[in-house]
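Trainee: I have a model open on my screen and would like to learn how to read it. Could you walk me through it, one feature at a time?

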Amino acid sequence: MPKKQVTIADIAKACGTSTVTVSKALCGRSGVSEEVRAKIRETADKMGYVSTKSVSNKMEGVIGVLIPNKFINPNGSFYWALYNNILKLLKSEGISCIQENIGAEEESAVSVPNLFSNNRITGVISLGQLSVPYLRMLMNHTNNLVLLDYYVPGIEADCVVTNGYHGAYMLTKHLISLGHKEIGFIGTRTATSSIFDRFMGYVKGMLEYDLKIDPDWIIPDRLSDGERFEKLELPDKLPSAFVCNCDETAFVAIRDLKAKGLSVPNDISVVGYDNYLISEISDPSITTINIDSEEMAKEAIKLLFKRIADPSLPKKTHILTGKLVVKESTQKKK
């Protein structure tokens, strides 16, 4: 496991003081005695703290987080887990955060988000894929931008993504190891870069074992703009297993398969991707790829801090690899 990053909250606890006092001491602001300041700095050094002072006093501003409505499930979603981790990590550093949802009309009209009316916005994390015109507008408003859980070919930006290609390949190989040869994919390839990568990982797994990819079993789960379907259009003749682009889609697939009188995994196996809460509360629980949302949030914040500290740095893409987690939604083909 990666070593836990030392935060301002950790230093405050060790020194028996508040996070505000620690933040002031490390950033060189007034309101802290020299004795306390020296103690805090010494403790921070011993604990291996990487000071946000390197980001300069610009971090006295606010970080904005943009999330398109189309990626938000009212019952919770992987993106809410990511956002909550961002909020928690920024709070531990004494940094404020503003979150704003972007509606379909606002994205289509390329409307400037309200958070830019706050002239204290220091940087922005874009969580969930936005259109190219909207991204270009954001980049005209700030150089300090990180794309989280997606990238866009042709757009040069700092990104944090998971290795969806490898993850879906592992899921496909898992199903093949259980004896499945007729395997479909559920996800709209053109909706996001992450779905496309996961589809290509599925394709690699199928081709590697010389298995046929039936176009009738490549099923969209949303419109190309990302708006989800309420119900999947499942064909009459089904494969013995489905690779789904995410846990939410796998959850819907299991529900719709049950509505057709089928049992998962007795009649058909289903896998997802993300390993967030819905994969566990699903009946059956969903075999998936575990993604560390806290690690993703941490890397996004690191990239943003580096960008703020040195705008001349080359743009970077950070890729995290997940792990296969086998649960109840898969079994050997009968």
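Mentor: Gladly! Let's begin with isoleucine 183, which stands opposite alanine 241 in strand 8. Bear in mind that this is a predicted model, where local features need pLDDT of at least 70 and side-chain atom pairs count only at pLDDT 80 or more, while totals for chains, interfaces and linings use all residues. Residues are numbered from 1 along each chain as its sequence is written, and side-chain values use heavy atoms, with hydrogens and water left out.

Trainee: How many bridges join strand 6 to strand 8?

Mentor: In general, strands of a sheet pair through backbone hydrogen bonds, either parallel or antiparallel. Here strand 6 and strand 8 (residues 241–244) run parallel, joined by 4 bridges. Two strands count as paired if DSSP finds at least two bridges between them. Strands (E, at least two residues) and helices (H or I, at least four) are DSSP runs numbered from the N terminus. Strand 6 also pairs in the parallel sense with strand 7 (residues 218–219), over 2 bridges, and isoleucine 186 has isoleucine 219 as its bridge partner there.

Trainee: Through which helix does the chain cross from strand 6 to strand 7?

Mentor: The path goes through helix 8 (residues 193–208), and this β-α-β crossover is right-handed. That term applies if, with the strands pointing away from the viewer, the path from the first strand over the helix to the second runs clockwise.

Trainee: Which residues are buried on the two faces of strand 6?

Mentor: The general idea is that side chains in a regular strand alternate between the two faces of the sheet. In strand 6 (residues 183–186), Ile183 and Phe185 are buried on one side, and Gly184 and Ile186 on the other. Buried means under 20% relative accessible area, exposed over 50%, and partly exposed in between (1.4 Å probe, protein chains only).

Trainee: What is the order of the strands in the open sheet?

Mentor: Its 6 strands have the order 2-1-3-4-5-11, with parallel pairing. Strand 2 (96–102) and strand 11 (317–320) are the edge strands, each pairing on one side only. From one strand to the next, the twist averages 20 degrees. Helix 4 (residues 78–92) packs on this sheet, touching strand 1 (62–68), strand 2, strand 3 (121–127) and strand 4, and its direction makes about 160 degrees with that of strand 2. Such angles run from 0 to 180 degrees between N-to-C directions, with axes fitted as lines to C-alpha atoms, for helices over the stretch in contact.

Trainee: Which residues have the most contacts inside the largest nonpolar core?

Mentor: Leu148 and Tyr202 do, in a core of 48 residues. Helix 11 supplies the largest share of this core, 8 residues. A nonpolar core is a set of buried Ala, Val, Leu, Ile, Met, Phe, Trp, Tyr and Cys residues joined through side-chain atoms within 4.5 Å. Leaving aside neighbours within four places in sequence, tyrosine 202 is in contact (heavy atoms within 4.5 Å) with residues including Ile183, Phe185 and Val243.

Trainee: Is tyrosine 134 buried or exposed?

Mentor: Tyrosine 134 counts as buried because its relative accessibility is 0%. This residue lies in helix 6 (residues 132–141). Beyond neighbours within four places in sequence, its contacts include Ile102, Glu106 and Pro113. Tyrosine 134 and valine 112 are 22 residues apart in sequence and 8.5 Å apart in space, C-alpha to C-alpha.
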